[in-house]
Amino acid sequence: MKVEGGIRFIILSEVVIPLLLLIFGVYHGVMQVLYRAGVLKTDSFLGIDYYQGLTLHGVINAIVFTTFFAVAFGNAVVLYLLKKPLRSAVQWVAWFMMVGGTLMAAWAMFTKRATVLYTFYPPLIGHWTFYIGAVLLVVGSLLPFFLDWIPNAIAWKRENPDKKIPLAVFGVFVNHILWTIMIIPVAVEILFQLFPLSVGWVDEINPLLARTLFWFFGHPVVYFWLLPAYVMLYTMLPKIASEKGKLYSDPAGRLAFILFLLFSLPVGLHHQFTEPGITNAWKLIHAMFTFCVALPSLITAFTVAASLEYSAKAEDPSVKNSKFYWWTRLPYLRLEGDKWLFSYLFAGLILFFFGGVTGIVNASYNLNLTVHNTAYVPGHFHTTVGGLVLLAFLGMSLYMVAKLRGTDVRFKGLAALAPYIWMQGMFMFSYAMMVGGALEGFPRRTNAGLTYLNPDSPLYRPEWVGYAQLSVVGGILLGIAFVFFLVSFFGTLFAPKVRESVVEFPIAEAYHDAPTPVLNNLKGWTVAAVLLAVLSYIPPLYDVTQRGVFHNSPAYNEQYPIPLKQLQQTEAKTKELSMKEDR
Amino acid sequence: MDRAERNALTVAIVLLLFFFVLIVYAAKGLKIDLPTCVTDVQPFKEGKLIQHAPDRYELHVVAKMWLFDFNQGNTEIEIPAGSTVDIYLTSSDVVHGMHINGTTVNLMAIPGTVNYMRYKFDEPGVYHVVCHEFCGVGHHAMQGKIVVK
Ligand SMILES: [Cu+2]
Ligand SMILES: [Cu+2]
C-alpha cells in the first residue's frame with residue numbers, strides 16, 4: 001500500500017528517533033558490564049555516572065524505544081490491513097507529545113536531575129520534568145489508538161460485517177487496550193504522588209502505595225512490549241519461513257491474546273513478594289494468576305512451532321512425514337527477499353524459551369526469595385525484552401524503513417548475522433547473571449566494580465568475579481551485534497530509493513480458521529479484564545494504605561542521606577550567610 | 001481445536017498445576033513462606049540484637065543510607081550456630097534491600113513499614129548481608145555481616 005507525505009514521515013521517524021536514542025541505551029549496557037566487573041573502577045565515565053547510565057539504559061531501552069515502536073508498528077499494521085487513511089492531525093499531536101515528553105525526560109536524566117532508575121521508586125525523587133515527560137510520552141502514545149485506529153476499525157467493520165477483524169489488528173488492539181488500562185495506576189502514582197512531591201506541593205509520600213501502583217503498571221507493561229512481537233510471530237513468521245507458509249490456527253492466536261488481556265493485570269504483586277505491608281495470601285493469589293498468564297505463551301509456543309512445521313513441510317514435501325527433520329528446512333540464515341527477517345524472530349524465540357522458564361521461577365512465590373533483586377532478574381529479562389522483544393523490534397524496524405523509504409536492505413549479511421551474535425552474547429551474559437545471582441547472591445543495580453569486585457576493597461567478594469567476567473564477554477558480543485545491525489539500518493535508511501514508498505507486511509493466511517464470535521468480543525473481555533484487575537487489587541491496596549504503613553516519608557536525593565527539604569533549607573541558609581558576608 | 005492442540009494445552013496446564021501445588025506445599029507444608037503484613041511492631045529508630053534464650057534471638061535492623069544498623073550502630077554481629085533469629089527490618093530513609101547471601105532471607109526495607117522473617121542459622125560461617133536495591137550513590141558499599149560461630 002502506497003504511503004506518502006506526513007504519515008510516511010511520522011511512521012518513519014517513530015522508528016528512527018527511538019533507534020537513535022537506543023544507541024546510547026545499548027552503549028551504556030556495554031559500559032555497565034565493564035563497571036560491574038571492575039574493568040572500569042570508577043563512579044563515572046565520560047561525564048555519565050553508573051546509576052545515571054543505568055537510568056538511561058532502562059528508560060530508553062524499556063520505555064521509550066518500546067513505546068515508540070509499538071505506536072509505529074500499530075500505525076503501519078492498521079493502515080496496511082484496514083486500508084483506511086490515518087488522520088494527520090491526530091498523528092501530529094501524538095508525535096509532538098511523545099517526542100516532547102521524551103526530550104523532557106531525557107534532559108532530566110542527562111543533566112543528572114533524575115537518577116532514580118527506570119522504576120523511580122520513591123522516596124528517592126527526581127526533577128519534575130522526568131515525571132511529566134514520562135506521562136506525555138505514554139499519553140501521547142494512546143491518541144492514535146483512540147482517535148485513529150478505533151474509528152477506522154468501526155468503519156471497516158461496517159463495510160465488512162461478516163468478516164473478523166484481521167488477527168494482526170486484533171493483537172495490536174488487545175495490546176493498546178491493555179496499555180490504556182495499565183497507564184491508569186501509574187498515572188495516578190505520578191500525578192498524585194511523585195509530581196506533587198517533586199515540586200514541593202506535598203512533603204511526604206507513601207512509598208509502599210507508590211510501589212504497588214507502579215507494579216500494577218510494571219507487570220502488564222512487559223506484555224505491552226511482548227505483544228507486537230507475538231503479532232509478528234503469529235501473522236508474519238510463517239510467511240517469512242516460506243511463501244507457502246500458513247499460520248497453524250487463527251483462533252489459537254486470538255485465544256492467546258484474550259488470555260493476555262485477562263491475566264496480565266492482576267499479577268503485579270509478584271514483583272513485591274519480599275515486601276512488607278502486604279498480606280501474603282494476596283501474594284499467593286497473584287502468583288496463581290501469574291501462572292495463568294504463562295498459559296498464552298505456552299499456547300503460542302505450540303502454535304508458532306506448528307506453523308513453522310507446516311511452512312517447512314509446504315516448502316519441501318520430502319520432509320512431509322518426518323517428526324524432527326523438518327527443522328533443518330527453515331531459512332535460518334538466508335538473504336533472498338525478506339528471509340533475513342527470519343533470523344531475528346528465530347533467535348528471539350530461542351532466547352525467549354529461556355526467558356519463559358526463568359520467568360516461571362520468578363513467579364513461583366517462595367522460590368522468588370532465592371533470586372529477588374539478584375543479578376538473576378536482569379539475566380531473566382534480558383532474554384525476554386532484550387531477546388525476543390528487542391530482536392523482533394530491530395528486525396521489523398529495518399524492514400519497515402526499507403519499505404517506507406523504498407530502498408533495498410543494505411549489508412543484508414550483517415543484518416542477518418546480527419541476531420545470532422546477539423543471541424550468543426545474551427546467552428553468555430544471562431547465564432553469568434542468572435547463575436551468579438541465584439547461587440551466590442550477586443546483586444543487581446550495583447556498581448560492583450568499585451567495591452565487591454575490587455580486590456583492594458574490604459568488601460571484596462571473590463566468588464562473584466568469574467560471573468562478572470563472563471558477562472563482560474557477553475556484553476562485548478552484544479555490542480558487536482548491535483553495531484552490525486546499525487550499519488545495515490543506517491545503510492538502508494540512506495540508500496538510494498529504488499521503488500515506491502509503501503507500507504507492507506508479509507501476512508500469512510490461517511491453516512485452521514473459525515468464526516469464533518466469543519473470542520472476538522473485545523468489549524466484553526475488556527470489561528472482564530478490568531473487573532478482575534480491580535478485584536485483585538482491592539485487598540493489597542487496603543493493606544498498603546490502611547494496615548501496613550505506619551507513616552509517610554519525606555523525599556530524598558540520591559546524593560545525600562538527609563531529606564531533600566532539610567538539604568534545601570541548609571543550602572538556602574548557607575547561601576544567605578555567604579551573601580551577608582559578601583556585603 | 002484439533003487433537004495436537006488439545007494435547008499441548010493439557011500438558012501445559014498439568015505442568016503449571018504441578019508447579020503450583022509444589023509451591024503451596026513448600027509454603028504451607030514446609031513453612032518456607034513469604035513475608036506478610038506486620039501490624040504489631042512499630043517502625044523503630046535503632047538496630048538491636050536481643051537474646052531471649054541461648055538459641056533464640058530477636059534482631060531489629062535499620063537499613064539507612066548507606067549501612068545496616070544491626071545493633072546500636074554496629075554493622076556486624078555475632079550469634080552462635082543453631083540460633084533461630086526473628087528478623088525485623090525497617091528503613092529510616094529510602095527503600096533498601098536486605099539479602100543475607102546463602103539464605104532465603106531476602107527482604108525489602110521500606111520506610112514507614114516493618115518487614116519480618118524468621119531464620120535458623122544452622123551452618124557456622126560469615127553471612128554477608130547485601131543491600132540489593134538502589135539507594136543512592138553509596139549503594140555499592142552497603143554491606144553488613146552476620147558471623148555465625
Ligand atoms: Cu512481572
Ligand atoms: Cu542499596
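In what follows, buried means under 20% relative accessible area, exposed means over 50%, and partly exposed covers the range in between. The model is a predicted one, and its chains together hold 22 salt bridges.

**Exercise 1.** Classify the two partners of the salt bridge between B:Asp86 and B:Arg118, and locate them in chain B.

*Solution.* Begin with the contact itself, in which the two side chains meet at 2.8 Å, N to O.

**Exercise 2.** Determine which parts of chain A are linked by the pair A:Glu275 and A:Arg211, and decide whether A:Glu275 is buried or exposed.

*Solution.* The side chains of A:Glu275 and A:Arg211 form a salt bridge with an N to O distance of 2.7 Å. A:Glu275 sits in the loop between helix H10 (250–263) and helix H11 (280–315) of chain A, while A:Arg211 sits in helix H7 (residues 207–218) of chain A, so that distant parts of the chain, 64 residues apart, are linked. A:Glu275 has 0% relative accessibility and is therefore buried; A:Arg211, with a relative accessible area of 1%, is buried as well.

**Exercise 3.** Describe the setting of the salt bridge between A:Arg547 and A:Asp543.

*Solution.* The closest N and O atoms of this pair are 3.1 Å apart. Both residues lie in helix H17 (residues 522–547) of chain A, and their spacing of four residues corresponds to about one turn of the helix. With a relative accessible area of 33%, A:Arg547 is partly exposed, but A:Asp543, at 2%, is buried.

**Exercise 4.** Name the residues that make up the nonpolar surface patch that includes A:Val202, and explain why A:Val202 counts as partly exposed.

*Solution.* The patch consists of A:Trp128, A:Val199, A:Trp201 and A:Val202, which together have about 400 Å² of accessible area. A:Val202 itself is found in the loop between helix H6 (167–199) and strand S3 (204–205) of chain A. A:Val202 counts as partly exposed because its relative accessible area is 35%.

**Exercise 5.** Which residues are linked with A:Lys164 in a network of salt bridges?

*Solution.* The network joins A:Lys164 with A:Asp250, A:Arg254 and A:Asp513.

Note on methods:
Residues are numbered from 1 along each chain as its sequence is written. Chains are lettered from A and ligands numbered from 1 in the order in which they are written. This is a predicted model: local features need pLDDT of at least 70, side-chain atom pairs count only at pLDDT 80 or more; totals for chains, interfaces and linings use all residues. Side-chain values use heavy atoms; hydrogens and water are left out. Patches are made of residues with over 30% relative accessible area and no salt bridge: like charges are joined within 9 Å, nonpolar side chains (Val, Leu, Ile, Met, Phe, Trp, Tyr) within 5 Å. Accessible areas come from the Shrake-Rupley method with a 1.4 Å probe; for residues, only the protein chains shown count as cover. A salt bridge is a side-chain nitrogen of Lys or Arg within 4 Å of a carboxyl oxygen of Asp or Glu. Helices (H or I, at least four residues) and strands (E, at least two) are DSSP runs, numbered from the N terminus. Buried means under 20% relative accessible area, exposed over 50%, partly exposed in between (1.4 Å probe, protein chains only).
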